[in-house]
Amino acid sequence: ARIKRLDALEFIWDIAQAEWLDMYRQLFRFAHENGNCLVSKSHPSTMLLSAWCEAQREARLKNSLSPDQINRLSELGFIWDQKQVVVEEMLIILRAFKKENGHCNVPTQGSKYSQLGLWLQFQRQSYKKGELEPLRQQKLQEVGFSLEL
């Protein structure tokens, strides 16, 4: 009788599933507060959640996520491709740089934005070689970054 009542309440019997749901809820809150699922691994308050997100990407590659878990994460706007995560993070930093400086001419040395500057330099090189994805070109240009020098 108790088991049936707990089942009726959708009690979670599997501890791993309960832990997954707890982390999912944390990501859900993060996404609604920040407008994205790009969890920083450099901030102490989000390191655990960031590691969990990376584990979800790996689990999907190993086919160890259920279709329901994949759907829930996808509906949040979860980015499955780690390379795309880096692109989106760099675009956020570029927008912050532009807001702070009024332009997108990011230095490659001697600045807290040096990593961004080097990444942008690589984007220009890829563009010149004809290897930059059109969607990435568009996103960079929307921010105001010139791919041509």
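This is a predicted model: local features need pLDDT of at least 70, side-chain atom pairs count only at pLDDT 80 or more; totals for chains, interfaces and linings use all residues.
Does C53 count as buried or exposed, and at what relative accessibility?

View 1. C53 counts as buried, at 3% relative accessibility. C37 is likewise a buried residue, its relative accessible area being 5%.

**View 2. The cysteine sulfur atoms of C37 and C53.** The structure contains zero disulfides. For C37, which takes part in no disulfide, the nearest cysteine sulfur belongs to C53 and lies 6.8 Å away. C53 is also in no disulfide, and the nearest cysteine sulfur to it is that of C37, at 6.8 Å. A disulfide requires a pair of cysteine sulfur atoms within 2.5 Å.

**View 3. The buried and exposed residues of helix α4.** Helix α4 spans residues 67–75, and Q69, I70 and L73 are buried within this helix. These residues lie on the same side of α4 because they cover an arc of only 100° around the axis. The exposed residues P67 and E75 are carried by the face of α4 that is turned away from its buried side.

View 4. Just after α4 comes G77, which takes a positive phi of about 90°.

**View 5. The cavity found in the structure.** When the whole structure is searched, one cavity of 30 Å³ or more is found. The volume of the largest cavity is about 30 Å³. Its lining is formed by Q84, V87, E133, L135, R136 and K139.

**View 6. The helices and residue classes at the cavity lining.** Two helices, α5 (82–101) and α7 (134–143), each supply at least two residues of the lining of the largest cavity. Of the contributions to this lining, that of α7 is the most, with three residues. Sorted by class, the residues lining the largest cavity comprise three charged, two nonpolar and one polar.

Conventions:
Residues are numbered from 1 along each chain as its sequence is written. Side-chain values use heavy atoms; hydrogens and water are left out. On a 1 Å grid over the protein atoms alone, a cavity is a set of points where a 1.4 Å probe fits but cannot get out, and a pocket is an open set with protein on both sides within 12 Å along at least five of seven lines; lining residues have an atom within 4 Å of a point. Grid points are joined across faces, edges and corners, and a volume is the space filled by probe spheres set on the points. Helices (H or I, at least four residues) and strands (E, at least two) are DSSP runs, numbered from the N terminus. Ala, Val, Leu, Ile, Met, Phe, Trp, Tyr, Cys and Pro count as nonpolar, Asp, Glu, Lys and Arg as charged, and the others, Gly among them, as polar. Buried means under 20% relative accessible area, exposed over 50%, partly exposed in between (1.4 Å probe, protein chains only). The arc is that of the directions from the helix axis to the C-beta atoms.
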